[in-house]
Amino acid sequence: MFKKNLSFKLIASLSVLIMVIFLISGYATYTVYLKLFTTEISKQFAKANEQATARVETQIQNLYKATNYIVFHPYIEDILRRSAERADDTFYNRLLDQDELTKLLNQISIDEPKLSSMYVYNTKGSGYFFENNAGTVIPLSDANYAAVLRSLEGSNGELVWQPLKISSIESSGYRNVISAARYMKNKKQELYGNLILFYDQSIFGSILDELAKGENAQVILLDSNDKVVYTNAKPNSGFKLEELLLVSDSQIVKSNGESILVSRNKTRDSGMTLISTLSLKSINEKSQVIFQIALYSGLVSILLASLLIFFTGKRLLKPLHTLVTGMKKLRSGRFDTRIRISTQDELAFLGHSFNEMAANIESLVEEVYERKLNEREAELTALQAQLNPHFLYNTLDTIHMKLYLGENDEQAAQLVLSLSGLLRYALQKPNAHTTVKDEIEHITKYINIQSVRIGGRLETFIQVDEEAEQLPVIRLILQPLVENAFVHAFAQMSKVCILRIKVSTRQSLLCIEISDNGKGMSQEQIDKILQLQHRSLEEPTSATGGIGLKTVIRRVSLMYGPPYGLVIHSEPNEGTTMKLILPVQTQMEGSRQL
């Protein structure tokens, strides 16, 4: 785990500060730059779109001049009317008309290099076609002618535009062209035929493709009815014509989560609309370089600041590190710790204060520690020396009655021996070595005395693991637990009293379990007993178990503390099991031996 010392905190704090500053400044610069750049791009794009619209208008006006030459040419009108009025339109007559029209329209072919083919029809549908690129176009099919006628419906002699696929001798079998058709009316507005011109897509592509350079720009040219005449947009480009028609002039719209710059202009006379779109995705990506530069600059600054703090801070913070090391030693219990002071600044004042504080603490700890040891030893001695006076009185009274009544002098003598053994064991020095085996022998004497008082109703079972017999244990720790069974559990019982004592080891724990079949306890009574460890010996107790159990709980708490202690399981009329959990020790310190 990384050590979070002062140098680390300084580096971390400074790193965060530097990174925040660079991020804010980088983001602000990126935002301002992107806004200014987008505004400038929008102006330039709108201007370019306006210029392209003007060039489209110029191109259309030139086409009107060329077609006006054809429509208002009297000789051409005469040829078409004559061919429509002939009853017998022979191949020879059509050939003569074709030849005359070719002579008249040759100049148009020269002036319009992008003209692919031209078709002239009289009012009866008889047509004449002229091709600008010999061998590339075949006569107009009936389906294409019908489509052109449908587009002319409702017009009044103006050019009607639409994209078409016409039959061709090219490998694909067709050719994409742009159709420009109009009714042929003389100056008196009399209809005498139809004029159909097929232009190569470059007629508008040469103008508009320059505006839509790159994959991110697209153009759409619409006629007066908002039908597409020319576009370089791909079929799955994601643009919806309905959305683009809602745009006025130039603005930025969102399409599929992407920012799109849209510019819209309309021609002055022909009614054509030019819509240009430019994706700002690449612009945004390029603008992010500013933000990335700010980010990398922040990281480099953090690295340099970290190196600076590391090398200079190591020298400047050395006195503070010495002070922290001394505090750690003092916290671990080494109260004789003193630090060497090598500076004359504020840290030196802290060092002097620390040394004085450590000296005072050392003096106070020695004084308090010795006093606590003496008090603790006195309390442990007092706890060990406690012996229930009622038990002594009852035992002596039992011996007296047996001797007085002349009953079984041998049993009375055995009682005297057991009692003397109890007293001798209890009056030994507090630091005398005691094992589990000694405690079991002592408690056996106690049970022998109680069995005489109860009579033949007592059954006792004692089980001690062999590896537990020689383990050191607190002196007189079992008697209060066993005494509790006789005083409370077996009180006023007429049935057989069963007492079980089991001593075992489990891992690093010594478990002493004492169970009976007495009247048991409620959970409330158990809680009151376990709370005795928080009360001093001088406080009165009314809980079940009295001062005997309180003595056990208090002594274990003084000797070992958590997690060791007494665990009680009991239910009313179901008996009680008391389990004493102690640490396994190979030997006990003399100053702590009971």
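**View 1. The exposed side of helix 8.** K318 and R331 are exposed on the other side of helix 8 from its buried residues. The model shown is predicted. Exposed here means a relative accessible area over 50%.

**View 2. The buried face of helix 8.** L323, G326 and L330 are the buried residues of this helix. Viewed down the helix axis, they fall within an arc of 60°, so they line one face of helix 8.

**View 3. Helix 8 from end to end.** Helix 8 covers residues 318-331, which makes 14 residues. At 1.5 Å a residue, the helix should span 20 Å. The expected span is 1.5 Å times one less than the number of residues. Just after helix 8 comes G333, with a positive phi of about 110°.

**View 4. An aromatic cluster.** Y446, F486 and F490 are linked into a cluster by ring pairs. The count of aromatic pairs comes to 6. For F486 and F490, the ring centres are 5.6 Å apart and the planes meet at 80°. Planes over 60 degrees apart count as edge-to-face, so the F486 and F490 pair is edge-to-face.

**View 5. Burial of the two Phe residues.** Are F486 and F490 buried or exposed? F486 has a relative accessible area of 9%, and F490 has 5% relative accessibility. Buried means under 20%, so F486 is buried and F490 counts as buried too.

Conventions: Residues numbered from 1 in each chain as written. Predicted model: local features only at pLDDT ≥ 70, side-chain atom pairs only at ≥ 80, totals over all residues. Heavy atoms only, no water. Phe/Tyr/Trp six-rings, centres within 6.5 Å; stacked < 30°, edge-to-face > 60°. Buried < 20%, exposed > 50% of the residue type's maximum accessible area, 1.4 Å probe, protein only. Helix = DSSP H or I, 4+ residues; strand = E, 2+ residues; numbered from the N terminus. Arc of directions from axis to C-beta.
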